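My entries are below, in the order I made them.

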Amino acid sequence: MLGVQRSLVAGSAVGDLWSRRRVDENAPEKPLLTVSVVQSFGIVWLNGQYWQRVSTSESPRYGEIAKLHSVCWLELNSHPLTLPGPGLYYVSFRMKLEHLNFHADWTVSQDGHELLRLQTDVQYGPLRAIVGQGWRYFTVGSIRARDTAPISVRIFGNNPGWCGGISFDELTFSDAWLPWEAAKPVWEGLYCSNSSLYKLVPDILRIILGFLAPVPVE
């Protein structure tokens, strides 16, 4: 059964125990697939006036980025992407934000099944840590690919006002296997069943995992 990792994994403080630090200056460890956003995504309004394809040394790997000047309909859809094989992957964007003035749904799907969804807004969420900080790797979350069927990634936000000041360089899928991943189905089962055990252990679990992984940045 393919479960969607929604707020449990992508938004809450407890859920973030299952993913790496959300914002990092350094590239993810053990990258398994990296693609250029401007080359591998269909970007609505990429016409030089709204979104612009910019050649720059700021993209050390690809030499070009997608830069948003201003748009009200925010939509980027990846071409079909093929991962090396089944497994656990972190999904990270190398991006830059001049200001945070948009909301969006970040989704990852495989073979028609949604694997991950993260909602970000102007008032909350991990994107706040990127604003004005230059290029950063923003980890949307983790996915479990069941097979080698193509992966699709989408960023969508029908914003009531105009947004801008966003630049994308690359998208990276990196190895997400961690020793405690084996216990994740049990933990999620306790969460979904509203178990009293679930209510007792998060603080203890947070302390234990704090010795093993960086503290997530919200």
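The entries run from the whole chain to single residues.

**Ground rules**

I am working with a predicted model, in which local features need pLDDT of at least 70, side-chain atom pairs count only at pLDDT 80 or more, and totals for chains, interfaces and linings use all residues. Residues are numbered from 1 along each chain as its sequence is written, and side-chain values use heavy atoms, with hydrogens and water left out.

**Whole chain**

I looked up the secondary structure first. The protein chain has five helices and 12 strands. Both are DSSP runs numbered from the N terminus: helices are H or I with at least four residues, strands are E with at least two.

Next I checked burial. Of the 218 residues in the protein chain, 47% are buried. Buried means under 20% relative accessible area, exposed means over 50%, and partly exposed lies in between (1.4 Å probe, protein chains only).

The accessible surface of the chain is about 10,500 Å², and carbon and sulfur atoms hold 54% of that. These areas come from the Shrake-Rupley method with a 1.4 Å probe; for residues, only the protein chains shown count as cover.

I also looked at contacts, meaning heavy atoms within 4.5 Å. Among contacts with a separation of 6 or more, 79% are between residues 24 or more positions apart.

**Strand β5**

Which strands does β5 pair with? I found five bridges to β4, running antiparallel, and three to β12 (residues 166-175), also antiparallel. Strands pair if DSSP finds at least two bridges between them. On the β12 side, Ala66 has Phe168 as its bridge partner. I noted that four of the five residues in β5 are buried.

**Glu58**

I then moved to the loop between β4 (51-55) and β5 (64-68), where Glu58 lies. Glu58 counts as partly exposed because its relative accessibility is 36%. Leaving out residues up to four places away in sequence, Glu58 touches Arg94, Lys96, Trp135 and Asp169. I checked the Trp135 pair: 77 residues apart in sequence, 8.6 Å apart C-alpha to C-alpha.

**Thr139**

I found Thr139 in strand β10 (residues 136-145). Thr139 is buried because its relative accessibility is 0%. Its side chain makes a polar contact with the side chain of Ser92, at 2.9 Å. A polar contact is a pair of N or O atoms within 3.5 Å; within protein, one must be able to donate a hydrogen and the other to accept it, and residues adjacent in sequence count only if both atoms are side-chain atoms.

**Cysteines**

How many disulfides are there? I searched the whole structure and got zero. The cut-off is a pair of cysteine sulfur atoms within 2.5 Å. Cys72 is partly exposed, at 31% relative accessibility, whereas Cys163 is buried, at 1%.

**Positive phi**

Most residues other than glycine have a negative phi, so I looked up exceptions. Lys30 has a positive phi of about 55°. Lys30 sits in the loop between β1 (23-24) and β2 (31-36) and is exposed, at 57% relative accessible area. Trp45 has a positive phi too, about 75°. Trp45 lies in the loop between β3 (41-43) and β4 and is partly exposed, at 45%.
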